[in-house]
Amino acid sequence: MIKYLVQKFLWFRERGFVQITQKTLVSLFPFLLFSAIVRVISQSFFSDRGYINMLFSVSDWFPRFQLTGQVLSNLSNFTSGLAGPLATYFAGKYTAGHYGRSTGTAGVTALMVSFLVSSQGLLMGPLRDGQLTHINLPATTNIFLAIFLGYLIGQIFRLSKASDDQIVNKDFIYQPKTVRPIFLSLLLGVSLNGLLVLGNQYRVFQTIGQFFSSLTATSHHLLSTFVMGLLNSLSAWVGNSQVFALNSIADDSFALENLTYAVTNHTTTGIPYLYTLTNLYRSYGMVAGVGAVLALLVAILLVSRSQKDKKVSFLSIFPSLFNNGAPFMVGIPVLLNLLYVIPFLLVPLVNMGIAALALCFKLMPAAVYPVPDGTPSILYAFIGTGGSLRALAVSLLCFALDVALYIPFVRMGNQVRKDLLEEGGSHENL
């Protein structure tokens, strides 16, 4: 069975789109690593509600505390906002290169199209000289869609003549034919921009969001919580950046009711809702980060034979400890990787199941209290319960189990690399 799966992984990896996707994701790693480190420092160290700040009173002794936090926050938002355009750039570049076309021209064109698509203000009013306020970086990014857009731009260059994508020839003379693929690509960007504007005006996207939200609305709140946890993991696996945003208790109305009850009655016993997103998914499903990637990081350091994966894991330890596993997920890559999709989706559900049983049998209190921004994921339940050692013990148990569940998949990756090496392929690019 393992041999059969390995062969399927090898076949899947040889597909052109898969290779382009993996190259794109790995190319994003240094940019997302820098952004994640800055974001962790901003949220945990230089935020009024930051975990490290509240622990060591950084604001009391660090000069220019507010200014530093603001600068770091802006820098983090800027670099993370570039994730989508950069993904489109690299995908366009690698797609064109895969088919023997000009990588530079295709990449820059893809970058321009990405800005066109995300800047809906371009069709809403005039732009004044020197002001680019209508050209916006996306607040949230779906890496898969960004890569697919770059792939389409690369295909436009592929279908053009080889001479059409050369801006200059060997004698440094401009080639007018280069207008064709660039014009078609920009036309695609403007068309997509227009569709997004119409979709927002007629509330198409809001309707779709409400439809999916209704699918999880059920009288059995435990089932609803598990479904939401599964959808969040799936959304992260396809590269939706919204999943990596701060998880505030204010976003969970059931958790707010639990908090009100606990504050009023000075106890968590008898709270209205025992199974909420905060109490199950955020406290235990994400005990090792989104998709339990911190556990995968540890499993790779323990049993992986890939020096590249170990180096990526080592560099990603700091942001991953603070529940920012985005750089690790693109550096391995974990995003869109069929090798890790099963544990990525199911391991958080296992954690939630363990927590649900512990709560059902009253082995630990519920996590109802607000948690500081930038709190390490493994301490979320401990702080959310007001310092329960039993909750911390369950968190550590879940984390250890997560590592154990990921190890077989890391070993399968070792086998895939071994087979690739025997076939003469690159064993470090999986």
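Q: How many aromatic pairs does a search of the whole structure find?
A: In this predicted model, the search finds 11 aromatic pairs.

Q: Why is the pair of phenylalanine 17 and tyrosine 151 called edge-to-face?
A: The ring centres of phenylalanine 17 and tyrosine 151 are 4.9 Å apart, and their planes meet at 85°. Rings pair if their centres lie within 6.5 Å, and planes over 60 degrees apart count as edge-to-face.

Q: Why is tyrosine 151 called buried?
A: Its relative accessible area is 17%. Buried means under 20%, so tyrosine 151 is placed in that class.

Q: Is phenylalanine 17 buried, exposed or partly exposed, and why?
A: Phenylalanine 17 has a relative accessibility of 25%. Buried means under 20% and exposed over 50%, so a value in between makes phenylalanine 17 partly exposed.

Q: Why is the pair of phenylalanine 144 and phenylalanine 148 called stacked?
A: The distance from centre to centre is 6.4 Å, and the angle between the planes is 15°. The limit for a pair is 6.5 Å, and planes under 30 degrees apart count as stacked, so this pair is stacked.

Q: What separates phenylalanine 144 and phenylalanine 148 along helix α8?
A: They are 4 residues apart in helix α8, which means a separation of about one helical turn.

Q: Why are phenylalanine 144 and phenylalanine 148 each called partly exposed?
A: The relative accessible area is 30% for phenylalanine 144 and 37% for phenylalanine 148.

Q: Which residues form one aromatic cluster?
A: The cluster is formed by Phe17, Phe144, Phe148 and Tyr151.

Q: How do you know that the charged end of arginine 158 sits over the ring of tyrosine 99?
A: The charged end of arginine 158 is 4.0 Å from the centre of the ring of tyrosine 99. The distance limit is 6 Å, and the charge must also be within 35 degrees of the ring normal. The distance meets its limit, and arginine 158 is recorded as sitting over the ring.

Q: Which residues form a nonpolar patch on the surface?
A: The patch consists of Leu195, Leu198, Tyr202, Val204, Phe205 and Ile208, with about 600 Å² of accessible area together. Helix α10 gives the largest share, 3 residues.

Note on methods: Residues are numbered from 1 along each chain as its sequence is written. This is a predicted model: local features need pLDDT of at least 70, side-chain atom pairs count only at pLDDT 80 or more; totals for chains, interfaces and linings use all residues. Side-chain values use heavy atoms; hydrogens and water are left out. Patches are made of residues with over 30% relative accessible area and no salt bridge: like charges are joined within 9 Å, nonpolar side chains (Val, Leu, Ile, Met, Phe, Trp, Tyr) within 5 Å. Accessible areas come from the Shrake-Rupley method with a 1.4 Å probe; for residues, only the protein chains shown count as cover. A salt bridge is a side-chain nitrogen of Lys or Arg within 4 Å of a carboxyl oxygen of Asp or Glu. Helices (H or I, at least four residues) and strands (E, at least two) are DSSP runs, numbered from the N terminus. Rings of Phe, Tyr and Trp (its six-membered ring) pair if their centres lie within 6.5 Å; planes under 30 degrees apart count as stacked, over 60 as edge-to-face and the rest as tilted. Buried means under 20% relative accessible area, exposed over 50%, partly exposed in between (1.4 Å probe, protein chains only).
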